[in-house]
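Hi everyone, thanks for coming.

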Amino acid sequence: MRFQFFELTSGTPAPASSGGSSSSSEQQLTTCGVMHSSETWPAPRATLGCLVTLTTPGLALTIEAGTDVVATSTQGGLVIGPGARLVAEGTADKPVTFRGGGSFASSVPTTTTFGLWTGIFLLGNAPVYGGSSSTIAALAAYGTSFGGSVVDDDSGVLRYVRVYDCGAAVGFSEPAALTLGAVGRGTKLEHVELAFAADDGLQFVGGTVDVKFISALWIGDDAIDVDDGYQGRIQFFFALVDGDVGNHAVEADSNFDAAPRSFFSLYSATILVIETTNPRTDALVRLKNGVGAELVNVVAAVAGGSSNQPSSRPFLAEAQCSPSVARFQDDVLLKARRAGQDTNYLYVSPNNVVAPSLLVDRDDGSCLGLTFAAISADPALARLPSATLLDAGQAVDPRPTPGSLAFVDVDVPPSDGFFDATTYKGAFG
């Protein structure tokens, strides 16, 4: 299956169902407040008048392919509680689109549209640090808790979904575009594009959900944020980090040696940082507080070439390491740890391709022993911008060109029914 991404990076015009004014023959649903029964929101349009919540277990919200869901205020958003389900199943030609601004005139946002609405909160009953009393700051006023012991919990399906221009503050908290709180492995999440979020793009708060084909573009903080014992798998991830706007492509946090330890497997990722005049971004991947992970078949590229690029910007930055987390680059040790279903380790493949202007690994002095290595070389992606994309009106093609080291020494992922074997590193072949 090929990675699918939409018009923000490809320059393709928006689908017809996402623009224009509604005619008398088109149905437009406006909703606000608490939902007390299962509902289907039909294409082409639905409006979020405020924060919409579905928290009754057993109920489901279904959103048809091609539906444009627009929030009319900064407090517009969607909360799906534990035991309820969200089924937003679009197609490549008819994605489900969430955005703010109250207008159906255009589906293509710009950097001026950060924080026009809150975002999507999907909550479940999978394990999370702190158990079932865990809460998200943005939802504290609503008394919404989540988490439990159901590893395979099912919170629904998100497939071919776009989430744009969200992250408006709720109280003192800026939510992610898509917050997954204790969402379980029975949930299907793939082909999701997140763009222009004021804070994080995709936030995992505990849970075990696996995700595939994810793009996070021009995110105001971290493209992916891992917290509170998330233990899942991620494959085919594309992060475009604008140095003036964003922070990390991945920031992962654990609670040192408390259970469950945050541990994620990231395979087939392309991370592109655009150097700008006033860069905010430091490390592309930041791991701290005893987190464990596998980082494999990753490509990290740099565009823009600003003279203000920090000379010591790392691909990977580690802080507050735990002595209980083994750090290594040996395949034999990796296979042994996998066989034992261990999560107390950090493995970084030496075959990852990291642009030569990036330092491969930096730590705060707490990570004794190994300094991780990678292939330090230009990954030779097809088309990179010379400046921030929106300012220059440029497109980007993040596929590796023939002869790229992205096609050499590709690691074989676990044969576990989730990961796809590829002939290339990064999200694109």
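Phe 263, Phe 328, Tyr 345 and Tyr 347 come together as one aromatic cluster. Please keep in mind that this is a predicted model.

Let me walk you through two of them.

Phe 114 and Phe 196 pair edge-to-face, with 5.8 Å from centre to centre and 80° between the planes. This pair links distant parts of the chain, 82 residues apart. If you want to find the partners, Phe 114 is in the loop between strand E8 and strand E9, while Phe 196 is in the loop between strand E14 and strand E15.

Next come Phe 238 and Phe 428. Why do we call this pair edge-to-face? Their planes sit at 80°, and anything over 60 degrees counts as edge-to-face. The ring centres are 5.3 Å apart. Here too, distant parts of the chain are linked: Phe 238 belongs to strand E18, and Phe 428 to the segment after strand E30, 190 residues apart. Phe 238 counts as buried because its relative accessibility is 0%, and Phe 428 counts as buried because its value is 5%; the cut-off for buried is under 20%.

Lys 212 lies over the face of Phe 418, 4.6 Å from the ring centre.

Notes: Residues numbered from 1 in each chain as written. Predicted model: local features only at pLDDT ≥ 70, side-chain atom pairs only at ≥ 80, totals over all residues. Heavy atoms only, no water. Phe/Tyr/Trp six-rings, centres within 6.5 Å; stacked < 30°, edge-to-face > 60°. Helix = DSSP H or I, 4+ residues; strand = E, 2+ residues; numbered from the N terminus. Buried < 20%, exposed > 50% of the residue type's maximum accessible area, 1.4 Å probe, protein only. Lys NZ or Arg CZ within 6 Å of the ring centre and 35° of its normal.
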